[in-house]
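Thanks, everyone. I will keep this short and go through the ligand site, then the domains, then the salt bridges. Please have the viewer open.

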Amino acid sequence: MKEVVILGAGYGGLRALHVLQSHQGEFHVTLVDRNDYHYESTDLHEVAAGTQPAERIQYPIEDVVNSKTTTFIKDEVTLIDRTQKQVTLKGGQTLPYDYLVVSLGFQSETFGIPGAAENALQLEDVETAKQALAHIEAQMKGYAQDPKPEALNIVVCGAGFTGIELLGALAENKETYAKWAGVEAKEIKLYCIEAVTRLLPMFDEKLADYGIDHLKEWGVEFLTGKPIKEIKPGVVIYQEDAATNTNAELAAGTIIWTTGVSGSHVMGDSGFNQRRGRVTVADDLSDPDHSEVFIIGDVAAVMDPDNQRPYPTTAQIALKMGATAGKNILHLLAGEATEKFTFHSLGSVASIGNTHAFGVVGKTNVKGYPASFIKKGILDRSLFETGGVKEVLSKGRFDFYH
Ligand code: NAD
């Protein structure tokens, strides 16, 4: 009996599990995750803003585990020893494997900016997203007791996809924050501080402007071309003028960090040949140094042949990688050659609140209400690919006409 170990129950890990569980054979699967639930990381910003409850973006991992072929272990992975072919868990257990799928996901990247880890809220998982919302609530309720104007300021650091989607959800929920603070919604100030001036470079400028202008109409103030230099408690320090190297400060009760992500620290800790926690994998998604190890999702880097840059880390590519890794392990178990990973992006759509979105589907730009309809369909599809019909029926978003 061969042993397959899957590390991480995110999009990639659960997709690989699904493929393996759909085939019978002489193998057993062990799935490890630090949580006993899967969560839709694409929706974390909504939990942070309070536009969706945490329960709605998560489901129990046991729901998708076939106990006849798979054992689920709730523990944290600390080390992967590829020479000994075993994985060490925080609880002290070691797991030997014949084949390994590493799908340990992302962590927030602070680029070593002083105070960013300590003084800004991170958006890494369900717990940190809940903490962000609790923080906003505490700041607003604090204002009602002691009206310091900065308590009403919310700063999002970085205007990438995550920052933009977060700003949309925050703007949508301003009324709630205003009620907590006992003020009018227009008094809640939303800021975004971003290093570059050309936002969302993956979209053409007109489309990017459409999304940004929408957020501006909803009251978001963008400070662009202003790299953040330091975060002090309740204060963001950013470069105001590069020519004179002068800095400026913005005081805010809530500071949320969304300037990018890296792959899990376990990759570096375990001696993988990685950069920012991402390993450049072979054509079939295996580790170039160990063909029985498959690396997928946010810990993997796959080159886009069109531009020789790694594909951006998204749920869509993680799901596709999970399917390929699962199939490749089945090939190896059957003594067959592995297959190459190929990816054709279906496009990407950013939501701005519940009823607006913009992005590219295939080669077509989409925006406005129809785009938000497409976005909800994309999210339901991801949920289907990890959780199947059951999870889509219980968590899927069918409020398309909301
Ligand atoms: P990102 O790297 O895409 O964007 C980070 C932004 O922060 C950039 O605009 C960058 O210029 C800015 N930044 C970096 N350092 C800064 C500093 N010191 N001061 C000010 N600004 C700074 O990161 P992300 O938005 O977290 O996204 C991570 C990945 O997840 C990306 O690949 C993204 O495409 C993907 N994602 C996709 C979706 C979707 O498809 N809907 C949603 C969220 C995230």
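I start at the ligand: one of its nitrogen atoms is 3.0 Å from a polar backbone atom of Ala195. That is within the polar contact limit, a pair of N or O atoms within 3.5 Å; within protein, one must be able to donate a hydrogen and the other to accept it, and residues adjacent in sequence count only if both atoms are side-chain atoms. This is a predicted model, where local features need pLDDT of at least 70 and side-chain atom pairs count only at pLDDT 80 or more, while totals for chains, interfaces and linings use all residues. Residues are numbered from 1 along each chain as its sequence is written, and side-chain values use heavy atoms, with hydrogens and water left out.

Back to the ligand. An N or O atom in the side chain of Glu194 is 2.6 Å from a ligand oxygen. A polar backbone atom of Thr313 lies 3.2 Å from an oxygen of the ligand. In total, 20 residues surround the ligand (a heavy atom within 4 Å). The closest are Thr162, Glu194, Ala195, Ile228 and Lys375.

Now the domains, with bounds from an automatic or database domain assignment. Domain 1 covers 2–34, 75–108 and 262–345, and domain 2 covers 111–259 and 346–401. Their centres, taken over C-alpha atoms, are 30 Å apart. Twelve residues of domain 1 contact eleven of domain 2, contact meaning heavy atoms within 4.5 Å.

How much area is buried between domain 1 and domain 2? About 1000 Å², with 50% from carbon and sulfur atoms; this is the accessible area (1.4 Å probe) that the two parts lose on being put together, summed over both. On the domain 1 side, Ser108, Leu319 and Ser345 lose the most area, together 39% of what that side buries.

Seven residue pairs are in polar contact between the domains, both residues at pLDDT 80 or more. The domains also share one salt bridge, defined as a side-chain nitrogen of Lys or Arg within 4 Å of a carboxyl oxygen of Asp or Glu. Arg15 and Glu385 form a salt bridge with their closest N and O atoms 3.7 Å apart.

By that rule, the model's count is twelve salt bridges. One of them joins Arg82 and Asp287 at 2.5 Å, N to O. These two residues are 205 apart in the chain. That is all from me.

How values were computed
Helices (H or I, at least four residues) and strands (E, at least two) are DSSP runs, numbered from the N terminus.
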